Every structure is written in C-alpha cells, then in structure tokens.
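Biologist: I'd like to learn how to read this kind of model feature by feature. Could we take it one piece at a time?

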Amino acid sequence: MRIKKSFVSRQYFKGGSFLRQLILLLCVCIGGCHTSPLLTAQNVKGVIGASDPVIRTVGQNILENGGNAADAMAAMLFSGAVAFPSRMGLGAGGVCQVLDPSVGRVKTLHFLPIPAAKGSLTGLPGLARGVYALQNTYGILRWNAVLSDAISKATDGVVVSEQLAKDILLTPELNSSWTKLKKGDLLVQEELAETLHSISNSGSGVLYKKEVAEKLNAQGANINPEWLKSFRAIWMDSIDVASAKGRTYFVNPTFLSSEGYTIWKDISTYKNFAKRAKGMKALEEIEAETTKESALFKGVGLFAGDENGLNIVCSVSMGKPFGQGKIMQEGFSLSQAVYGEQDDSYFLNILQTNPDITDVYWAGAGVGEYGLVDGLKILEETLLNDQELNKETSNQILKITGSRQEDFHDFVLWKCSKGYPNQPASCETGENMQFIFEKE
C-alpha cells in the first residue's frame, strides 16, 4: 500500500502553534544576536547553525573540505543522529527549505514521521530518506563522505552533552545502559554504527525494506511493512508572502503553515488597515490560547549556507525526547507519529529572501510549542507601527523571556539586513551560528 501525499489532514496542525514559534524566534533573535565584523563575500566560505557545537563542527569540516551546504546539512543530520539521538535520531522526521539561487526558487522537502501503520502512534523513520533526497539533489560529495563522521562517532563514541543527559532523565523507559549515562560520559553506539555502515554502502533504501519492518515489529514496533517500503521524502514548492523588500517562505504542504502564513500576510499588509487589524486579532487569540503543555515536544533547528548562495534550513524532531523511548537492536528509537491534533508536533521553518530570491535576509527553524510568549504584545505593537525593534524593546523582551532560555535551546536564528551570501557583514548571528572562513 502506497502512502499518498494526502496522508495528513489540515486538522493535524490546528492551534496556532506555528505562529507562536515564529513570534518566539523573533523575540529571541532581537534579544540574543550579535554582528560579526569585517566579513566579506570573498573570505566567507559559508555559515553553519546548530545548537550542539559537535554538530556545528561537522558542518564546518564539510564546507572547509570542498562540500556545499547540502553536503554539510546531510552530514550534520547524520552526525546529529549519533550525538543527539533524543531529538534527531534515525527514527526522526522533519522538513527543510532550500533556497537555490541558480534558479531563484525555494523548495520544501518534507520527511515527516507519519503513522507507521493504521492507528499507530509510532512514526515511520524519515531522516535517512530525507537526507538522501536532499544530498542527492543538491550535494556535490559522494554519499559515503557525508556519513563518515557519523559512523566514526557511533563507533568511537561521543561525549554526552548536557541537553542529551537531561533528555535521558526525561525518558525513564530507556534501558539501564542509557539511563545511567551522565553529562560527560562517553556514549558508544555499535549497533547504530552498523546501521549507518549499511546506509553508507547501500543507500538509504536499506532502512526501508520489509525485512527491517519485520525485525522492528519483533521488538514491539507497530509498522506496516508496505508503508515503510513505499515511504519517500517529498519535494514541493514552498509558499510565500511577497513584500516590497522580498519574500517570506513557509513550508509546504499548506496545512503545515497555513495559520502562520495567513496571519503574517495580513500583518505585513501595512497599508490595508482592515487586514492588519484582522491579523492582530488573530495574534490576540493565539496569545489567549497558548498553554504550557507544549513543552512535551522537542526538536532541533539546523541551518547551512555556502558561498554560492545555496541556503538550507531544517527542522527535525522525534516528538518527545527519544520518541517511543526504546532503543531498537538497530541502534535507534522510533519517533512519535505526526498523527492527529492531539499530537501538536509542529515544525517551524521560515526563510526570507530578497526579491530576486538569491540572498537570505533571515531564517528561523525549530520544533514545538514553548509556552506563553510574554513578549507577544510588544512585538505586535512594533509590527503595527512598522518600526524596527529598538534596543529598549529588545531588552524588554529579553527580560520577559529570559527565564525560559532552555525552551528554545534548539532554535537557530539567522538575520542579514542586506542579505547572505553577498553581504555577510550585514549578518547577525546568535550563539548557535558560526561563519566558516576560507582557509589561508
């Protein structure tokens, strides 16, 4: 049985979660960005964004050694499955947006963790299919080159980060070899290394065979073998809101971002007071609806851009940490399915470009709702007045949201007032972003 593109209905993404994340990203960015001086298009090789420094280093190494943004993103996703398996393991799913300046186009790639069987709360493992589709379409390195670092890390071990240690504590159903791990311990994953070796040698398809489904089912998974076999990552054009400055892109299918897209479009129409008022009212309703239950869902935002202007922003998640909470014999856990409105696992992914769709003005990525956003009112007023966020406003928002810094640990934020890659000196980078320079 082939899974059709219509596998998820609009109801799965109700509740205003997307825009809450959009507002949060803007709030965090204005409060925590800094400008990197003395940057030129000639000496900047690329830019990498990830909350985990180990994952950032992987992307950096790829760019420094001849790869492009797609190769760097592919390597980060696979290495993240090793270093940060609670949020982005092989069982994870997600969405990416890709700005290809050679054709002036932004496309969405989605590899969401859709239900693994009828009624199943387990998601199909989307990461390997998603990475293959991305790297095969835009990458320039050999397939095994983007997996080598992940294989080495799984074989030799990675140091357990503070965030991974916290996620392990949140997942008591893990077996004892995992639950006793603490920050700073060495995590060796031999079974995962074997699985990654197979993917490196034979392609992502080895993870989607009927025999794999049968093995996973023997361990308690609920996977339809035909559904696993037919699973593919899907490409489509992103949807956008045009303005005088440029275009703001949201992930497609429309139901993934419909509410955020609509409200952003209304608020951006500053000369149409009726539409702006409608958008502001919608923001008021979202503020009133926001709950603290959203912290159940966690994920990771990643960004990669190269000197030629290929820019990629991805959002990846297992649902809650470690998804189903059991590490299979193949070395990874299965994620929670994006299955219904009771599972508000939202993938935030926004990319704003110049009118020619060649440069990035700003990008943001992350996963999940993160509670009340107290700075929403301030941001509303700023948008209403069509003004830049000033230092006083920035400090106000930082003061209000500062107590919840951990909640947006895994967002990436990227803002360039004049556009990247042509004007890198105009870019502001948060602590999760890193420029890569031409080797001397």
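Biologist: Let's begin with a helix: how many residues does helix α9 have, and how far does α9 reach from its first C-alpha to its last?

Modeller: Some ground rules to start with: this is a predicted model, where local features need pLDDT of at least 70 and side-chain atom pairs count only at pLDDT 80 or more, while totals for chains, interfaces and linings use all residues. Residues are numbered from 1 along each chain as its sequence is written, and side-chain values use heavy atoms, with hydrogens and water left out. Helices (H or I, at least four residues) and strands (E, at least two) are DSSP runs, numbered from the N terminus. The expected span of a helix is 1.5 Å times one less than its number of residues. Helix α9, residues 190–202, has 13 residues and reaches 18 Å, close to the 18 Å expected at 1.5 Å a residue.

Biologist: Which residues of α9 are buried, and which are exposed?

Modeller: Buried means under 20% relative accessible area, exposed over 50%, and partly exposed in between (1.4 Å probe, protein chains only). In α9, the buried set is Leu192, Ala193, Thr195, Leu196, Ile199 and Ser200. Looking down the axis of α9, those buried residues fall within an arc of 165° (taken from the directions from the helix axis to the C-beta atoms), so they line one face of the helix. Over on the other side of α9 you'll find Glu190, Glu194, Asn201 and Ser202 exposed.

Biologist: What covers the buried residues of α9, and what follows α9?

Modeller: The cover includes α3, α5 (127–138) and α6 (148–156). After α9 comes glycine 203, with a positive phi near 95°.

Biologist: How many residues of α5 are buried?

Modeller: 9 of the 12 residues in α5 are buried, so to speak "mostly covered". Among them are Leu127, Arg129, Gln135 and Tyr138. As for span, α5 reaches 17 Å from its first C-alpha to its last, close to the 16 Å expected.

Biologist: On to the sheet. What is the order of its strands?

Modeller: In general, strands of a sheet pair through backbone hydrogen bonds, either parallel or antiparallel. Two strands count as paired if DSSP finds at least two bridges between them. Here an open sheet of 7 strands runs β7-β4-β3-β11-β10-β2-β16, with antiparallel pairing. At the edges stand β7 (234–237) and β16 (433–437), each with a single partner strand, so one side of each is left without a neighbour in the sheet. From one strand to the next, the twist averages 15°.

Biologist: Which strands pair with β11?

Modeller: Strand β3 (residues 93–100) is joined to β11 by 7 antiparallel bridges, with leucine 99 opposite asparagine 311. Strand β10 (residues 298–306) pairs with β11 over 8 bridges, also antiparallel, and there valine 300 stands opposite valine 316. The hairpin of β10 and β11 has 4 residues between the strands, and its glycine 309 takes a positive phi near 95°.

Biologist: Why is β11 described as largely enclosed?

Modeller: Strand β11 (residues 311–319) has 9 of its 9 residues buried, so the rest of the structure largely encloses it. Asn311, Val313, Ser315, Ser317 and Gly319 point one way, and Ile312, Cys314, Val316 and Met318 the other.

Biologist: Which strands does helix α3 lie across?

Modeller: Helix α3 (residues 69–83) lies across β2, β10 and β11, at about 155° to β10. Such angles run from 0 to 180 degrees between N-to-C directions, and axes are lines fitted to C-alpha atoms, for helices over the stretch in contact, where contact means heavy atoms within 4.5 Å.

Biologist: How many disulfides are there?

Modeller: Count a pair of cysteine sulfur atoms within 2.5 Å as a disulfide, and you get 2. In one, cysteine 96 and cysteine 314 have their sulfur atoms 2.0 Å apart. That pair links distant parts of the chain, with cysteine 96 in strand β3 and cysteine 314 in strand β11, 218 residues apart. The torsion about the S-S bond of cysteine 96 and cysteine 314 is about 110°, so this disulfide is right-handed.

Biologist: And which cysteine is joined to cysteine 416?

Modeller: Cysteine 416 is joined to cysteine 427, S to S 2.1 Å. The link of cysteine 416 and cysteine 427 is right-handed, with 105° about the S-S bond. Cysteine 416 is buried at a relative accessible area of 1%, and cysteine 427 is buried at 0%.
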